[in-house]
Amino acid sequence: RATTAGVNSPGGAVLVFGEATVAGDAVVAVSLASTSGERSPGGAVCFLGAASVSGNASLVADDCHTGGENSPGGALFADTTLSVDNESVVSVTNSSTMGTSSGGGALAVTGAL
């Protein structure tokens with residue numbers, strides 16, 4: 001269980017600045033993670049840069065939540081782009097977002113997907 005709370009507190013479990021790649025047979029799995037507070041996106045994983053999932057890699061989030069104004073992406077938030085190739089898996093289940101201007105109950109990407 002991982003939680004962040006407070007203004008500008010993104011990434012309940014994982015916060016990445018810059019580019020991120022999940023590749024090969026890697027698995028990033030997060031459950032029971034949350035953020036709460038204004039401008040606190042990405043209840044489980046927050047990418048503050050370009051992110052990609054490739055190869056047989058998996059990015060999984062379950063039961064992850066955000067709460068607070070301007071806090072998108074209940075489970076996953078990518079600030080620029082998120083690319084996923086055709087052999088990879090991105091799975092989000094049982095996740096939510098609550099709060100004013102907080103779209104993307106499961107996944108929010110502000111750029112290209």
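This is a predicted model: local features need pLDDT of at least 70, side-chain atom pairs count only at pLDDT 80 or more; totals for chains, interfaces and linings use all residues.
Three strands make up an open sheet, and their order is 3-7-11. The pairing is parallel. Strands here are DSSP runs of E with at least two residues, numbered from the N terminus. Two strands pair if DSSP finds at least two bridges between them. Strand 3 (20-22) and strand 11 (82-84) stand at the edges. Each has a single partner strand, so one side of each is left without a neighbour in the sheet. From one strand to the next, the twist averages 10 degrees. That angle runs from 0 to 180 degrees between N-to-C directions, with axes fitted as lines to C-alpha atoms.

Take the pairing of strand 7 with strand 11. The two run parallel and are joined by three bridges.

Residues are numbered from 1 along each chain as its sequence is written, and side-chain values use heavy atoms, with hydrogens and water left out. pLDDT is the predictor's confidence in each residue, from 0 to 100. The chain averages 93, and 100% of the residues score at least 70. Among the elements, strand 7 (residues 51-53) has the highest mean pLDDT, 96. Strand 1 (residues 2-5) has the lowest, 91.

Next, the cysteines. How many disulfides does a search of the whole structure find? It finds zero. A disulfide would need a pair of cysteine sulfur atoms within 2.5 Å. The sulfur of C46 is 13 Å from the closest cysteine sulfur, in C64, and that is too far for a bond. C64 is likewise in no disulfide. Is C46 buried or exposed? C46 is buried, with a relative accessible area of 0%. C64 also counts as buried, at 0% relative accessibility. Buried means under 20% relative accessible area, exposed over 50%, and partly exposed in between, using a 1.4 Å probe and protein chains only.

Finally, S71. This serine lies in the loop between strand 9 (65-67) and strand 10 (76-78). S71 counts as buried because its relative accessibility is 0%. Its side chain reaches the backbone oxygen of G68 at 3.1 Å. Which residues is S71 in contact with, leaving aside its neighbours within four places in sequence? They are G37, E38, R39, S40, P41, T66, T97, S101 and S102. Contact means heavy atoms within 4.5 Å.

Methods: Helices (H or I, at least four residues) and strands (E, at least two) are DSSP runs, numbered from the N terminus. A polar contact is a pair of N or O atoms within 3.5 Å; within protein, one must be able to donate a hydrogen and the other to accept it, and residues adjacent in sequence count only if both atoms are side-chain atoms.
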